[in-house]
Amino acid sequence: MLRKLEDLALDNSFAALPADFYTRLPAQAPQAPRLLHANAAAAALIGLDPAQLQSEAFLAVASGQQPLPGGDTLAAVYSGHQFGVWAGQLGDGRAHLLGEVRGPQGNWELQLKGAGRTPYSRMGDGRAVLRSSVREYLASEAMHGLGIPTTRALSLVTSQEPVMRETRETAAIVLRMAPSFVRFGSFEHWASLRRTDHLRTLVDYVIDRFYPECRDAAGEHGDVLALLREVSRRTASLMADWQAVGFCHGVMNTDNMSILGLTLDYGPFGFMDGFDLGHICNHSDSQGRYSWSRQPSVGLWNLYRLAGSLHALGVDADDLRAVLQEYEATFTQAFHARMGSKLGLSGWQEGDEALVDDLLRLMHGSRADFTLTFRSLADAVRGETGAFTQRFMEPEAAQSWWQRLSARHDADGRTGAARAAAMDRVNPLYVLRNHLAEQAIRAAAEGDAGEIERLLQVLSKPCEIQPHAEAYAAPAPDWAAHLEISCSS
């Protein structure tokens with residue numbers, strides 16, 4: 001049943017936690033806000049009638065002019081490690097949680113990003129700018145299209161209110177959605193303050209709301225260890241997802257790591273064009289801490305920070321370490337499964353890892369386009385080997401590798417047509433390349449949401465060939481090499 005905005009069923013469970021967990025305060029709307037785009041697919045998640053998205057009442061909520069009817073607006077406190085260094089107290093410096101809505105298939109928290117200062121803004125202005133807001137709006141839906149766990153985006157509001165970053169920009173607000181915005185840093189916060197009462201409250205809240213199966217785990221602190229195990233499993237799976245599509249998050253601080261294993265806080269992210277094992281998508285990451293090849297190990301490093309927080313509850317350190325020692329095998333299994341499917345293998349066998357590693361080395365040496373190289377493998381299965389080998393500076397080496405994969409396919413048993421079709425279902429043709437996002441940003445700056453709408457349509461079905469979408473599957477143009485994405489937003 002579709003509902004009007006004022007008829008949504010709200011829960012507000014996070015707001016029921018003790019007052020130390022947040023600060024209640026209203027959002028601050030920018031000057032003369034305008035709805036640039038709203039996402040009917042995300043509205044369906046909370047049972048909201050899509051006709052409501054064009055109403056003045058919805059704009060008032062999405063811009064921060066009015067609270068969500070029945071909501072409880074607040075900004076959450078948390079802490080975290082940023083670029084490997086303890087940063088102390090952080091929190092929602094430009095985000096306002098509006099409330100939690102009971103949807104047809106689960107609850108969703110609604111949060112404004114860019115809706116003004118909070119007690120956790122530190123030196124910030126509490127605003128988000130148009131370029132980063134368009135990128136997050138598109139990225140969350142692109143990741144959903146790829147089947148990768150992520151926050152979602154409901155609306156994008158713009159304003160001509162000036163915001164100063166490296167240059168003068170304009171303000172924008174994303175209304176984003178997630179079952180929960182609790183992150184690793186939420187646990188670090190209470191552990192660092194030695195508030196084990198609040199730490200236990202947070203553990204209980206997360207288990208009861210999202211991991212009830214952990215409550216039945218046996219042994220002293222069994223529920224806490226079971227929680228860590230499940231979060232570790234989800235994080236490992238998420239890292240495998242990112243690696244398999246050439247996605248770089250760019251700022252994997254512990255305050256940007258979701259306790260639910262979601263892709264959270266899109267900042268200086270990027271999908272690789274030319275493949276580089278050490279690709280750094282964040283211009284601010286001068287040391288390459290969050291490069292593509294390091295993401296899985298950073299995921300584990302962050303889990304150790306989470307485990308360290310749980311240790312404050314009296315959980316044995318060796319027991320915590322034993323749980324985290326499962327991470328590498330979990331990631332490896334998930335990564336192998338994804339890469340095996342991309343190569344057209346029906347199962348993983350000894351020797352397949354060498355096939356993957358050697359392909360990545362070839363791609364690295366030629367800076368071969370990540371997305372299109374994997375997509376071309378199905379064409380090679382159909383007999384068009386040139387579609388694959390032409391992507392390399394040494395086509396003979398690529399041909400030699402292809403012959404090895406073909407021999408592996410021959411031993412696998414499936415027909416070529418079935419194999420190619422299966423490969424096309426897992427190797428996307430369309431991803432949110434930086435230049436595509438940039439084109440949408442430039443149009444949005446002129447008040448034109450048409451490119452955002454076209455991208456959302458294409459990226460919702462990234463593996464299906466779509467009519468009149470050739471430009472969205474083309475390699476990045478030369479000018480895209482000069483785009484720089486940083487932490488500034």
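I began with leucine 110 and looked up its bridge partner in β10, which is methionine 177. The model I am reading is a predicted one.

**Entry: strand β10**

I then noted which strands pair with β10. Strand β7, residues 106-113, pairs with β10 in the antiparallel sense, and I counted 5 bridges. Strand β8 covers residues 128-129 and runs antiparallel to β10, joined to it by 2 bridges. For valine 129 I found alanine 171 as the bridge partner in β10. Strand β9, residues 152-164, is also antiparallel to β10, with 9 bridges between them. Here leucine 156 stands opposite valine 174 of β10. I recorded β9 and β10 as a hairpin, with 3 residues between the two strands.

Is β10 mostly covered or mostly open? I found 10 of the 11 residues in β10 (residues 168-178) to be buried, so I wrote it down as mostly covered, taking buried as under 20% relative accessible area.

**Entry: positive phi**

I next looked up two residues with positive phi. Phenylalanine 83 has phi near 55 degrees and is not a glycine. I placed phenylalanine 83 in the loop between β4 (79-82) and β5 (85-89). Its relative accessible area is 31%, so I listed phenylalanine 83 as partly exposed.

Where is histidine 221 found? I located histidine 221 in the loop between α5 (196-210) and α6 (222-245). Its phi is positive, about 60 degrees, although histidine 221 is not a glycine.

Key:
Residues are numbered from 1 along each chain as its sequence is written. This is a predicted model: local features need pLDDT of at least 70, side-chain atom pairs count only at pLDDT 80 or more; totals for chains, interfaces and linings use all residues. Side-chain values use heavy atoms; hydrogens and water are left out. Buried means under 20% relative accessible area, exposed over 50%, partly exposed in between (1.4 Å probe, protein chains only). Helices (H or I, at least four residues) and strands (E, at least two) are DSSP runs, numbered from the N terminus. Two strands pair if DSSP finds at least two bridges between them.
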